[in-house]
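Subject: Structure for your set-up

Hello,

Here is the structure you asked for. My notes follow it; please read them alongside the coordinates.

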Amino acid sequence: MTQDRYAFTQRVLHWLIALMVLGLLAGGWVMTHMKAADLPAGLYEMIYANHKNFGVVVLVLMLLRIVARLVHGAPAPHAGLANWQRTASAVVHIGFYALLIIQPVLGLIGTWSFPAPVPLLDGLGIDNPFTQDRELSKTLFELHEIVGKVLIVLAVLHIGGALMHIFKRDGVFRRMSFGRK
Ligand code: HEM
Ligand code: HEM
């Protein structure tokens, strides 16, 4: 039987990472556009700490996802897709793979070089290997902002495309879902 959907591990990783990335983009927006005083007590601090923690988790899961992709490959492109759709989805998918490694690394080194805590790593006893460098931190967070905006564009294109396939019921969504049909 030829492979007609992504391996189970790849589907689990896709949905875990998708949920976290959408939360990270929303949380990043709150962190940079709202003030702690405008939110219920403690919420801003909670979003900040969880943004850093889940950002590191996405980095680890993305590394596992690359291994899963190398081991399992991908199903052949869906037969019903036009050439431009194959090219567009490949560009968006490669963009996600690259930027979801780059973005958490920028955030992590930007935070370490500030320096500010990363609760998850601090809790695991992983020490900050950087010394204070505010210039480096500022540059890395400028890049973190730009990459965040590119990721929002990719997410809009990707989710828009996925919704179109769900409505058309052409079998593309099934490749990444857990349902029978
Ligand atoms: C921001 C969150 C998301 C990210 C980062 C993301 C990332 C990706 C990536 C990288 C792939 C390619 C998989 C590979 O070739 O290994 C993929 C495939 C796919 N994604 Fe997402 N995704 C997200 C959200 C969603 C959502 C919300 C949906 C559905 C509404 C969705 C539906 C799909 C489907 C159906 C495929 C398979 C496409 C195909 O058959 O080639 N994704 N996603
Ligand atoms: C895939 C992972 C990540 C995504 C998608 C993401 C996304 C974002 C976005 C969209 C912003 C708002 C940028 C702006 O408009 O200025 C932001 C801000 C921020 N991120 Fe991330 N981030 C990720 C990982 C991380 C990690 C791992 C850390 C640190 C350990 C981190 C630390 C921060 C900090 C401190 C800010 C606030 C920067 C400021 O106040 O200027 N991020 N992030």
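This is a predicted model: local features need pLDDT of at least 70, side-chain atom pairs count only at pLDDT 80 or more; totals for chains, interfaces and linings use all residues.

The space in the largest pocket comes to about 1300 Å³. Four helices, H1, H2, H3 and H5, each contribute at least two residues to the lining of the largest pocket. H3 contributes the most to that lining, with 12 residues. By class, the lining of the largest pocket has 31 nonpolar, 9 polar and 4 charged residues.

What sits in the largest pocket? Ligand 1 does. The elements that give two or more residues to the shell around ligand 1 are H1, H2, H3 and H5. H1 gives the most to this shell, with 5 residues. There are 19 residues around ligand 1, and the closest are His-14, Arg-69, Tyr-97, His-158 and Arg-175. The shell around ligand 1 splits into 13 nonpolar, 3 polar and 3 charged residues.

- Arg-175: a side-chain N or O atom is 2.4 Å from an oxygen atom of ligand 1.
- His-158: a side-chain N or O atom is 2.8 Å from a nitrogen atom of ligand 1.
- Tyr-6: a polar side-chain atom is 3.2 Å from an oxygen atom of ligand 1.

The volume of the second largest pocket is about 860 Å³. It is lined by 30 residues, and Gly-28, Met-31, His-51, Gln-103 and His-144 are the closest to its centre. H1, H2, H3 and H5 each supply at least two residues of the lining of the second largest pocket, and the largest share, 8 residues, comes from H1. The residues of this lining divide into 17 nonpolar, 10 polar and 3 charged.

Ligand 2 sits in the second largest pocket. Around ligand 2 there are 22 residues, of which Met-31, His-51, Gly-107, Thr-111 and His-144 come nearest. The helices that each supply at least two residues of the shell around ligand 2 are H1 (8–33), H2 (43–72), H3 (83–113) and H5 (134–168). The shell around ligand 2 holds 11 nonpolar, 9 polar and 2 charged residues.

Polar contacts of ligand 2:

- His-51: a side-chain N or O atom is 2.8 Å from a nitrogen atom of ligand 2.
- His-144: a polar side-chain atom is 2.8 Å from a nitrogen atom of ligand 2.
- Thr-32: a polar side-chain atom is 3.4 Å from an oxygen atom of ligand 2.

**Backbone geometry**

Most residues other than glycine have a negative phi, and most peptide bonds are trans. Two places in the chain are listed here with that in mind.

Which form does the peptide bond from Phe-114 to Pro-115 take, cis or trans? The bond is cis, with omega near -5 degrees. Pro-115 lies in the loop between H3 and helix H4 (119–123).

Arg-169 is a residue other than glycine with a positive phi, near 50 degrees. Arg-169 belongs to the segment after H5. Is Arg-169 buried or exposed? Its relative accessible area is 77%, so Arg-169 counts as exposed, the cut-off being over 50%.

Regards

Notes: Residues are numbered from 1 along each chain as its sequence is written. Chains are lettered from A and ligands numbered from 1 in the order in which they are written. Side-chain values use heavy atoms; hydrogens and water are left out. A residue is near a molecule or strand if one of its heavy atoms lies within 4 Å of it. A polar contact is a pair of N or O atoms within 3.5 Å; within protein, one must be able to donate a hydrogen and the other to accept it, and residues adjacent in sequence count only if both atoms are side-chain atoms. On a 1 Å grid over the protein atoms alone, a cavity is a set of points where a 1.4 Å probe fits but cannot get out, and a pocket is an open set with protein on both sides within 12 Å along at least five of seven lines; lining residues have an atom within 4 Å of a point. A molecule sits in a cavity or pocket if more than half of its atoms lie within 2 Å of its grid points. Ala, Val, Leu, Ile, Met, Phe, Trp, Tyr, Cys and Pro count as nonpolar, Asp, Glu, Lys and Arg as charged, and the others, Gly among them, as polar. Buried means under 20% relative accessible area, exposed over 50%, partly exposed in between (1.4 Å probe, protein chains only). Grid points are joined across faces, edges and corners, and a volume is the space filled by probe spheres set on the points.
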